[in-house]
Amino acid sequence: MAAPARKFSNIRRSRPSYSCENCRARRVKCDQIHPKCTNCSRNQVDCVYADTNLKRKSPSGDKEDECSVKAVRRKVEDDNAGSNQGYLLLQNGGRSRYIENTFWACVDVKGLELESLLFDLPLFPLEDICCTAGQGSHDNTSLHPCQHYIGTTEPNFSFWASRRPTGLRSNAPSLSSMLSALPPRETCDFFYENFLECVHPLIPLIHITTFDSRYRQFWDWHKNWKVGDAPDGILLENPSFLPLLLTVLFTGSVARSKIDVGLNMCPPLETQKRLYQMIPLALAMVGFPHSPAIYSLMAFILLNSMLIREEESLSSCSFVAVAFRISQAMGLHKDGTDFGLDDIQTEERRRVWYHLLHLDVMTSIVSGLPLVASSEMFSNTRMIGELRDEYIGKVQLTKEVDCSPIIDSNYILTAGRYDSTSCIRSILLRQFSPSPLGLSAVKNMEQTIEELQTRMEERIKRLNSQSREERTSASSSRSNSAPPTASDNGDAHVLNLWGRSLLKLMVEKAYCLLYQPTMRDSNLWMELRAKAIPRFQSFLSIFIDMSSTESYLPFQWLYPGAYQPLQPVAVLLIDLFHNPHSTEAQKSRRLLERTFSLLGPEGRITNGTSHVACWPEQRHASAGAKQAWMRLERLRSRVWQKLGLDSSVLW
């Protein structure tokens, strides 16, 4: 007997809806942008919000309505400086969200509407409704491909596919179609070169020399491959090469530094979308995560690292915990020398482990959640090396030999980033402690950051020296068979300049992370404000420079692409509100105006070079980005109104 049809007429919402009437009628997610939401803009229809939907708070006298939507907060009040607890928000239906007081919006809970912000942001990466809203309908939405796939709202369900073959099989229904769907060789070479220039220097996981050899083996096999043929060569020897290859091509297409109109390429968005959709299928085919290999784990980490969004930190960073558990199951927290692995295998495992530690810290900062890895990780994995890839296993670093020709400046920069996140990790562990943060503890952590700053200055000097060395000897030191790298061309100098700024930015980030929670303690903040505000200003100044320097375009998928200056902007706005006539006020105003002037039409900080065709279209804003910056803009309007300024006019 057929089950009776479900009836929805008697279902009542337990809380008011803030969606527009069209989205409510279609039962799709509305991003609540006024005056016209994204769905209505896409469908070219009028967007109407009911009056009741615009009321975020119930009238104080309406007890029944207030009870149905009441949010119970369990947090330490601002005037209670004797505790260091986070912020727990509870709603009816068992929903809850917790963040630490290091979260950027904690600086002004009411002004930034923290409660609604937390519940508006997704916790797990589910498919954006815009990707499916028009499917099966007769409107024009299906004619326009979704532009949210280069974000974090895509589903990860295929990573957990029930079909888990142990290797690639000739009868796998998707293998032939996947190989057939690869872009032409010249296009793939183009994306691969962009990966080596723009992605690998910032996420150096693979051993380039080994991967390059396998890359050439694959294409030598592929040019004679016919649909239906069984996999052979590198795909048979190392099946996980396929998902890593697809990830390298995808990330290279997203972070591409130039466009070659001479190439016979598909439209960039369509090419990227096809590559993106094939990666989880390839991972499932090789048994990831149930039977992970170092290449499949690299593919998983590379893909998701490229898609981090600070404005959607909860959903975009959820992969870190999964990757950590997999890496522990693979023994990456133990150094490869303990098991007699060769130098290349050992170095690759170190790179993956330390990048995960780095991601754990960075995603903890942006999400306001505790670290995934505990302070006692039982790890003895050594820091990554600085040798150029072609010398690993062949040369040993010694103080008696001039090592400049065999050192890679990319790894000097990477080791510096990992050093800074190790320092930040100690700060986070102290910030997350339930005991109150006193002046003595702050001074101890200031000393720790000063030591970090000294080490970063030494690394910057090494980068300067290495940059000069590489610019004069790169052409002679590189063999004809070696793969191209960023240090072999003119981009090396630009990367070193960008890297110096990044190392300085990481030091300022440590200071900002230390000082932000002290704003809750008025007495402590009064003691620290004079040296804290310049740190937030310095961070914002460096960030603006990294975002607006056109030569930094190849690396701006990370800053400002992945990370946004939400924390310093919020802190400086609040400080301006309370100290409008301080000696720091004018500089804060100037930096804030410059920051807001960089907000692109997609609702997030871009690189400021809108005439460059290859950047703005690549990373489309999601609802989370619009929510975060919309709240900061409203806070800015409130501050500017107090200052007697017109918030509609940018400096």
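The axes of α6 and helix α7 (residues 208–222) come within 13 Å of each other and cross at roughly 175°. Axes here are lines fitted to C-alpha atoms, for helices over the stretch in contact, with angles running from 0 to 180 degrees between N-to-C directions. Helices (H or I, at least four residues) and strands (E, at least two) are DSSP runs, numbered from the N terminus. Angles under 35 degrees count as roughly parallel, over 145 as roughly antiparallel, 65 to 115 as roughly perpendicular and the rest as oblique, so α6 and α7 are roughly antiparallel to each other. On the α6 side, R185, C188, D189, Y192 and L196 make the contact (heavy atoms within 4.5 Å), and they meet I208, F211, D212, Y215 and W219 of α7. Those residues divide into 7 nonpolar, no polar and 3 charged. For the classes, Ala, Val, Leu, Ile, Met, Phe, Trp, Tyr, Cys and Pro are nonpolar, Asp, Glu, Lys and Arg are charged, and the others, Gly among them, are polar.

A quick word on what you're looking at: this is a predicted model, where local features need pLDDT of at least 70 and side-chain atom pairs count only at pLDDT 80 or more, while totals for chains, interfaces and linings use all residues. Residues are numbered from 1 along each chain as its sequence is written, and side-chain values use heavy atoms, with hydrogens and water left out.

Back to α6 (residues 185–199), whose axis also comes within 7 Å of that of helix α9 (residues 241–254), crossing at roughly 75°. That makes α6 and α9 roughly perpendicular to each other. Here C188, F191, Y192, N194, F195 and V199 in α6 meet V248, L249, T251, G252 and S253 in α9. This contact divides into 7 nonpolar, 4 polar and no charged residues.

What holds the chain together further along? By the rule used here (a side-chain nitrogen of Lys or Arg within 4 Å of a carboxyl oxygen of Asp or Glu), the count comes to 17 salt bridges. One of them pairs D360 with R425, whose closest N and O atoms are 3.1 Å apart. D360 lies in helix α14 and R425 in helix α15 (residues 409–431), so the pair ties together parts 65 residues apart in sequence.

The lining of the second largest cavity has 12 nonpolar, 2 polar and 2 charged residues.

Finally, cis peptide bonds join F288 to P289 (omega about 5°) and Y559 to P560 (omega about 10°).
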